[in-house]
Structure formats: C-alpha cells, structure tokens
Amino acid sequence: MVDVIVIGGGPAGLSAAVYTARADQETLVLDKGGGTTRGVDYMENFYGFPDGISGEEIVARGEAHATKFGAEIRREEVVRVADDDGHFVVETTDDEYEARGLVLATGASYETPAIADVDEYEGRGVSYCVECDAYFYRDRPVAVVGAGNYAAKEALMLLDYTDDVRVLTNGDAFDADPELADRLREHAVEVITDPVDRVAGEEELERVVLRSGESIGVDGLFVALGAAGGTDIAETLGIPQDGPYLRVDEDQSTTVDRVYAAGDLTGGNRQVATSIGEGADAAINLLESFRGTDYVDYRKLDA
Ligand SMILES: Cc1cc2nc3c(=O)[nH]c(=O)nc-3n(C[C@H](O)[C@H](O)[C@H](O)COP(=O)(O)OP(=O)(O)OC[C@H]3O[C@@H](n4cnc5c(N)ncnc54)[C@H](O)[C@@H]3O)c2cc1C
C-alpha cells in the first residue's frame with residue numbers, strides 16, 4: 001500500500017505529487033498520457049515564462065520535479081476505484097494498487113462544434129479558451145460558437161480585447177440568461193442563429209460560412225460549448241458532480257474522506273496556473289487529513 005495515489009499526471013496531479021512526495025509520503029502517479037496540457041503548443045500567460053512555453057514542456061518539467069522528490073509515475077489508465085474500509089483500491093488496465101489517500105486530477109475535454117474543417121484551424125484562428133488566446137486578437141473581428149451562458153460570458157470577456165464580437169449559435173436557440181443577453185445587446189454583440197456550414201481561410205482562419213451561403217469575416221473563432229469532465233473515476237466513488245465537473249469544497253476536498261480533486265476536472269478558471277494551485281491545495285489538505293487535523297485557514301488562525 002502506498003500513501004497517495006494521484007490519478008492524472010497533468011499540471012494539477014503533478015503539482016499535488018510534488019507536495020506529497022516531498023512530505024515523505026509514498027506517492028504513485030497513474031497517468032494514461034495525452035491530456036489537455038500536452039496538446040497545447042504555446043502558452044504565453046504561464047507565470048515565469050514571458051517568451052511562452054509548450055504544454056509538453058510544462059508536463060515534462062512537472063514530471064522531473066515530482067520524481068526528484070521520490071514520486072513514481074506509471075503510464076497506466078485507471079479504470080475503477082473502490083473505497084475499501086479506510087483505504088482505496090485503484091484498478092488500472094495493467095495492475096491493482098492500494099493507497100491511504102487519493103488526488104483526482106483527470107482533466108476535462110472540450111466539446112467540439114459540428115462545423116466542417118474546424119479542427120484544421122485549431123491554433124490558427126480556432127480556440128477553446130478566451131482567457132488564453134483573446135490577447136492575440138486585439139482589435140480584430142472574432143466570434144464565439146455557443147448558445148448558452150458560457151458563450152455569452154466568453155463574448156463579454158472578448159469585449160475587453162475587441163469591439164468586433166459576434167455570437168454564433170450554429171442553429172440552436174440562444175438561451176443565455178436575460179441579464180447576459182441584455183449586456184450583449186448593450187455592447188452591440190450580434191447573435192446569429194443560422195447554422196454554420198464551415199470555416200475557411202488561406203493559412204489562418206479568415207471567415208465563417210453560414211449554410212445560407214453568407215460569409216462572415218472573423219480572425220478568431222472561440223468555441224464555448226462546454227466540456228466533458230473526466231468524472232468517470234469519481235463516479236465509481238459516488239462523488240457528486242456539478243454538470244460535467246466534480247464538486248469540491250474550498251479546500252479541494254470531495255465528499256469522500258481523504259479524496260481530493262484538482263484542475264480542469266473541478267471546473268473553475270481552467271488554466272495551468274489555477275490547476276497547479278489547486279493541486280498544491282489538494283495535497284496540503286490531504287496531508288492535513290492524514291495527520292487527523294482539519295483544513296487550516298490562515299485567515300481564521302490570524303484573526
Ligand atoms: C487549446 C487550449 C489552449 C489552452 N491554452 C492555455 C494557456 O495559454 N494558458 C493556460 O494557463 N491554460 C491553457 N489552457 C488550459 C490548460 O491547458 C488546462 O487548464 C490545464 O491543462 C489543465 O490541467 P489538468 O492537470 O487539470 O488536466 P490535463 O492536463 O488534461 O491532465 C489530466 C491528465 O489525466 C490523465 N487521465 C485522464 N483520465 C485518466 C485515467 N482514467 N487514468 C489515468 N490518467 C488519466 C490524462 O491523460 C492527462 O494526462 C488551454 C486549453 C486548451 C484546450
């Protein structure tokens with residue numbers, strides 16, 4: 001039996017592993033490879049890397065850091081987790097392991113729109129993250145694909161960077177809350193409900209072509225359809241979800257004792273920096289629960 005099993009070896013999981021391994025807890029990271037971070041070619045908002053860094057390198061550095069302090073990383077896919085009277089049994093495609101505590105950090109996958117050629121322009125105009133990429137489209141025409149509150153909020157966020165923002169519902173009825181819809185109207189953000197046929201451009205994205213044949217010039221297309229959380233494992237433990245995300249408390253704890261969760265899996269701002277912070281919190285508070293003490297909120301201690 002090990003002390004901690006971290007399921008998922010992206011920034012959230014590896015950050016947790018750095019803390020638990022460094023606290024001398026035997027730590028095993030089970031990671032099937034791939035994931036969101038490794039797929040991002042270039043990030044410009046990651047603290048300490050003003051010239052940008054690739055997701056692949058962020059993960060490689062995290063792996064080196066966690067293993068330096070004794071964490072073991074195995075490239076295996078977890079298929080089931082059971083709570084066995086005070087400890088956890090983790091089954092992978094290759095083996096079975098036991099641990100005193102768990103950190104779940106399996107990430108989330110982003111829903112892609114049913115628009116022809118959209119994959120071809122990913123990273124060349126099509127983006128899944130306003131927070132990450134809006135900066136590259138300052139004062140340029142952009143559109144958001146989506147029909148709900150998520151799309152409306154992303155469109156409002158884009159207004160910090162450009163006045164030329166549209167929302168494309170791709171044939172769905174626009175059903176954002178009235179307050180958000182009003183704010184879009186105030187800022188003259190057009191909501192287009194016609195189905196989109198395809199995206200097009202030479203090297204980079206240049207336009208969206210509607211099924212009616214009309215072309216709309218856009219340099220950036222931001223997809224805001226939602227995400228599929230990596231919540232299957234958590235489901236086997238009966239941990240409740242909020243939509244596609246795992247429900248956690250402010251200390252990253254779940255409803256199951258000594259099971260914590262971090263990163264995209266738990267929703268929030270879905271950034272590398274926030275995932276790393278949540279991973280650290282999850283680990284610190286798991287260590288706290290091993291010691292039989294409660295979450296220490298320094299605001300309360302210092303009050
Ligand atoms: C196109 C794009 C661009 C982005 N750009 C930026 C940016 O510029 N700046 C920024 O800060 N953020 C950016 N993000 C967001 C950022 O990549 C994520 O917030 C971050 O990667 C989340 O890290 P994570 O550790 O939660 O998940 P992940 O990196 O997805 O790691 C989860 C890991 O869990 C593993 N896993 C899943 N299920 C299992 C299982 N059953 N068994 C074993 N392993 C499993 C996966 O293989 C993966 O390795 C971007 C996202 C996208 C999609």
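This is a predicted model: local features need pLDDT of at least 70, side-chain atom pairs count only at pLDDT 80 or more; totals for chains, interfaces and linings use all residues.
Which side chain does a polar contact of 3.2 Å join to that of His87? The partner is Glu98.

His87 lies in strand β5, which covers residues 87-92. Is His87 buried or exposed? Buried means under 20% relative accessible area. His87 has 16% relative accessibility, so His87 counts as buried. Leaving out residues up to four places away in sequence, His87 touches Met1, Ala82, Glu98 and Ala99.

Now turn to strand β1, where Asp3 is found. Its relative accessible area is 18%, so Asp3 is buried too. What does the side chain of Asp3 reach at 2.7 Å? The answer is the backbone nitrogen of Glu26. The side chain of Asp3 also makes a polar contact of 3.0 Å with the side chain of Arg100. Neighbours within four places in sequence aside, the contacts of Asp3 include Asp24, Gln25, Ala99, Gly101 and Phe290.

Phe290 leads on to helix α7, residues 272-290. This helix has 19 residues. From first C-alpha to last, α7 reaches 27 Å, close to the 27 Å expected at 1.5 Å a residue. The buried ones include Val272, Ser275, Glu278, Gly279, Ala282, Ala283, Leu286, Leu287 and Phe290. An α-helix has 3.6 residues a turn, so residues three or four places apart point the same way. Against what do the buried residues of α7 pack? They pack against β1, α1, α2, β6 and β19. After α7 comes Gly292, whose phi is positive, near 80 degrees.

Next, the ligand. Around it are 31 residues, and Asp31, Gly33, Thr37, Asn45 and Asp264 come nearest. By class, this shell has 10 nonpolar, 14 polar and seven charged residues. One of its oxygen atoms is 2.7 Å from an N or O atom in the side chain of Asp264. An oxygen atom of the ligand is 3.1 Å from an N or O atom in the side chain of Arg38. At Pro11, a polar backbone atom is 3.3 Å from a ligand oxygen atom. How much of the ligand does the protein bury? Taken alone, the ligand exposes 1,000 Å², and the protein buries 93% of that. Two elements give two or more residues to the shell: α1 (11-22) and α7.

Note on methods: Residues are numbered from 1 along each chain as its sequence is written. Side-chain values use heavy atoms; hydrogens and water are left out. A residue is near a molecule or strand if one of its heavy atoms lies within 4 Å of it. A polar contact is a pair of N or O atoms within 3.5 Å; within protein, one must be able to donate a hydrogen and the other to accept it, and residues adjacent in sequence count only if both atoms are side-chain atoms. Accessible areas come from the Shrake-Rupley method with a 1.4 Å probe; for residues, only the protein chains shown count as cover. Helices (H or I, at least four residues) and strands (E, at least two) are DSSP runs, numbered from the N terminus. Ala, Val, Leu, Ile, Met, Phe, Trp, Tyr, Cys and Pro count as nonpolar, Asp, Glu, Lys and Arg as charged, and the others, Gly among them, as polar. The expected span of a helix is 1.5 Å times one less than its number of residues. Buried means under 20% relative accessible area, exposed over 50%, partly exposed in between (1.4 Å probe, protein chains only). Contact means heavy atoms within 4.5 Å.
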